[in-house]
Amino acid sequence: MSRVPESHPTALHTSAADPAPLLEVRDLGIAYRTRRGPVEAVRGIDLSVDHGAVTALVGESGSGKSSAAQAVIGLLADNGAVTDGTITLTGAEGQRQELVGLPERSWRALRGTRIGLIPQDPTSS
């Protein structure tokens with residue numbers, strides 16, 4: 001058996017029978033309104049979370065981890081907005097729900113029951 005070097009990306013087996021990811025983020029862009037105009041905080045994030053998986057966002061300070069996570073659960077600051085991309089949640093029956101632009105009432109039904117966030121340090125997030 002040959003070993004693939006760790007630095008070499010490996011492909012995961014997928015087929016038409018494989019279920020859709022539980023959460024799929026594609027080309028996510030986030031900007032914040034400031035007095036000096038909009039500030040692009042996140043650009044082009046792609047992320048998939050499979051059913052039963054736990055995912056951690058890791059990166060340098062200021063790289064957009066918290067903004068991306070807050071967008072995924074619909075809790076961006078009032079001056080923040082998703083400017084590009086999609087955030088899709090797949091239900092138990094395989095139905096897919098787009099979360100970008102979801103009304104607050106719908107978010108309240110999802111948070112804590114279908115989607116949640118555990119910050120590394122709740123006092124600083």
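Predicted model: local features only at pLDDT ≥ 70, side-chain atom pairs only at ≥ 80, totals over all residues.
Biologist: What makes up the protein chain, and in which order do the elements run from the N terminus?

Modeller: The protein chain has 2 helices and 4 strands. From the N terminus the order is β-β-α-β-β-α.

Biologist: Why are strand 2 and strand 4 called edge strands?

Modeller: The 4 strands form an open, antiparallel sheet in the order 2-1-3-4. Strand 2 (37-49) and strand 4 (96-98) each pair on one side only, so they are the edge strands. Neighbouring strands of this sheet are turned by 15 degrees against each other on average, direction ignored.

Biologist: How do you know that strand 1 and strand 2 pair?

Modeller: Pairing requires at least two bridges. Strand 1 and strand 2 have 10 bridges in the antiparallel sense, so they count as paired. Isoleucine 30, for example, has valine 42 in strand 2 as its bridge partner.

Biologist: Why is aspartate 27 called partly exposed?

Modeller: Buried means under 20% relative accessible area and exposed means over 50%. Aspartate 27 has 45%, which lies in between, so it is called partly exposed.

Biologist: What is the phi of aspartate 27, and where is this residue placed?

Modeller: Aspartate 27 has a phi near 50 degrees, a positive value in a residue other than glycine. Most residues other than glycine have a negative phi. Aspartate 27 is placed in strand 1 (residues 23-34).

Biologist: Which strands does helix 1 lie across?

Modeller: Helix 1 (residues 65-72) lies across strand 1, strand 2 and strand 3 (80-90). Helix 1 runs at about 110 degrees to strand 1.

Note on methods
Residues numbered from 1 in each chain as written. Heavy atoms only, no water. Buried < 20%, exposed > 50% of the residue type's maximum accessible area, 1.4 Å probe, protein only. Axes fitted to C-alpha atoms, helices over the stretch in contact; angles between N-to-C directions. Contact = heavy atoms within 4.5 Å.
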